[in-house]
Amino acid sequence: MADFDLALRGGTIITPEGRRRADIGVRGGRITAIGRVSDAHRVVDADGMFLMPGGVDTHVHLMDPGSPEREDFPTGTSAAAAAGVTTIIEHAHGRPLRTAADLTQKVDYLRGRSHVDFGLAAHAWPGATDAVADLWAAGAAFFKVFTCTTHGIPGHDAAALKAHLSASAEVGAVSLMHCEDESLTAAAESILREQGRDDGGVLQDWRNRDAEVVAAAVAAMLVRRTGAHASVAHVSHPEVASYLHAERQRGARINAEGCPQYFLTREWEALEHGALRKFTPPARARNDADEAEMWRLLRTGVLTHISTDHAPSTLEQKAAGDIWEVHFGLPGLDTTMSILLDAAARDELSYEDITRVYSETPARIYGLAPRKGRLRVGADADIIVVDPAARRVLRNEDVISRAGWTPFNGRSVTGRVEQTYLRGDLIAEHGSVPADPQGQWLPGAGKHR
Ligand SMILES: [Zn+2]
């Protein structure tokens with residue numbers, strides 16, 4: 001009998017600290033050997049390839065249940081698997097989880113619907129701090145908190161946020177905070193509407209820099225003062241990151257999440273593409289120097305990790321209504337790993353950095369490590385085989401998400417995920433859609449206490 005179910009042979013293993021040539025042996029869905037592996041039922045030649053941990057994308061909206069006409073779990077997680085993402089943490093604003101019973105119901109509903117392993121986040125509700133301990137103990141991955149009423153979810157003012165963070169600190173729960181100050185966005189909105197504006201340019205004035213900076217600075221300060229653990233979602237520009245960094249240096253347990261759209265898309269694109277660039281906070285980078293600064297912040301750990309904030313709508317849905325009415329959000333699961341691999345090929349960051357910002361750090365923040373996020377003996381065999389030199393063009397017609405388009409259409413990238421393994425099983429190859437869903441629910445850290 002062979003010692004291993006699977007051997008990946010001759011590849012270069014990437015971890016945040018470095019790289020080395022070695023084989024990986026897998027048995028029972030876990031990595032059981034790194035070194036020289038001979039006897040295996042299935043042997044894959046990975047010569048010339050990079051072996052990296054599957055992506056851990058902790059900010060994803062698959063709208064299922066909620067708004068399946070925009071996305072559902074089979075389509076969204078097919079996109080993830082093909083792209084090289086093996087773990088997601090999902091939450092949907094159309095059907096927020098507010099009680100432990102909501103969470104249990106969603107876990108039941110999703111049985112057999114996910115191609116990748118998944119955690120589920122709950123929504124914090126202003127004043128409902130009693131629900132925090134229950135939801136955390138039931139296995140919520142984190143609490144999504146809004147500081148401004150958005151997507152139909154009520155916002156927390158400073159008092160409500162402080163109460164939520166205090167309740168979270170008591171049980172060790174983690175939060176993901178959407179930071180835009182409600183009074184500043186509301187004041188801007190009333191002026192813009194009075195002017196009769198409905199062009200794409202309203203986005204940068206409505207969801208303005210002041211609103212994000214004020215909310216993020218207050219939120220980070222409250223995280224420190226309550227002793228809570230939290231991330232600020234989709235940090236759009238360096239000034240926000242600098243406030244979070246300063247609070248981190250004062251002792252706050254505060255993470256700064258980056259997303260590719262704040263590196264690659266430009267502020268002016270909303271003027272040309274309107275609703276197809278409607279996401280919030282909106283793009284702030286104005287030129288290549290702004291982009292380079294974002295990569296520097298990611299390299300140096302000021303931005304702590306990357307997610308997609310995958311929030312898809314189809315082209316038809318994005319065309320239904322004016323700029324004020326259409327859904328916020330971009331599709332991203334199909335493209336985020338490609339964007340990162342290409343950034344490494346362009347020397348904006350290293351392949352080691354990718355495993356840190358898109359696997360290990362998010363896995364650690366949300367309690368999924370050491371099972372997820374790193375190629376090590378004992379971890380789940382969630383492995384991607386990457387050809388770092390392969391070139392491709394990102395195209396709308398290759399998008400697997402129900403969105404059917406990408407803001408990066410036409411962009412040439414270097415680096416391609418050839419194979420994706422989930423717990424030792426090949427779930428996608430050469431961008432193909434996987435067959436039968438094998439993803440399992442990953443209860444959050446509170447469940448294991
Ligand atoms: Zn989001």
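Author: Gladly! Along the chain, the donors of the zinc ion follow the spacing H-x1-H-x247-D. This is a predicted model, where local features need pLDDT of at least 70 and side-chain atom pairs count only at pLDDT 80 or more, while totals for chains, interfaces and linings use all residues. Residues are numbered from 1 along each chain as its sequence is written, and side-chain values use heavy atoms, with hydrogens and water left out.

Reader: What makes H59, H61 and D309 donors of the zinc ion?

Author: Donors are N, O and S atoms within 2.8 Å of the metal (3.2 Å for Na, K and Ca); water is not among the atoms, so sites may look incomplete. H59 (NE2), H61 (NE2) and D309 (OD) lie 2.0 to 2.1 Å from the zinc ion, so they count as donors.

Reader: Why is G332 called buried?

Author: Buried means under 20% relative accessible area, exposed over 50%, partly exposed in between (1.4 Å probe, protein chains only). G332 has 7% relative accessibility, so it counts as buried. H59 and D309 are both buried as well.

Reader: Which residues does G332 touch, not counting residues up to four places away in sequence?

Author: They are T308 and H310, where contact means heavy atoms within 4.5 Å.
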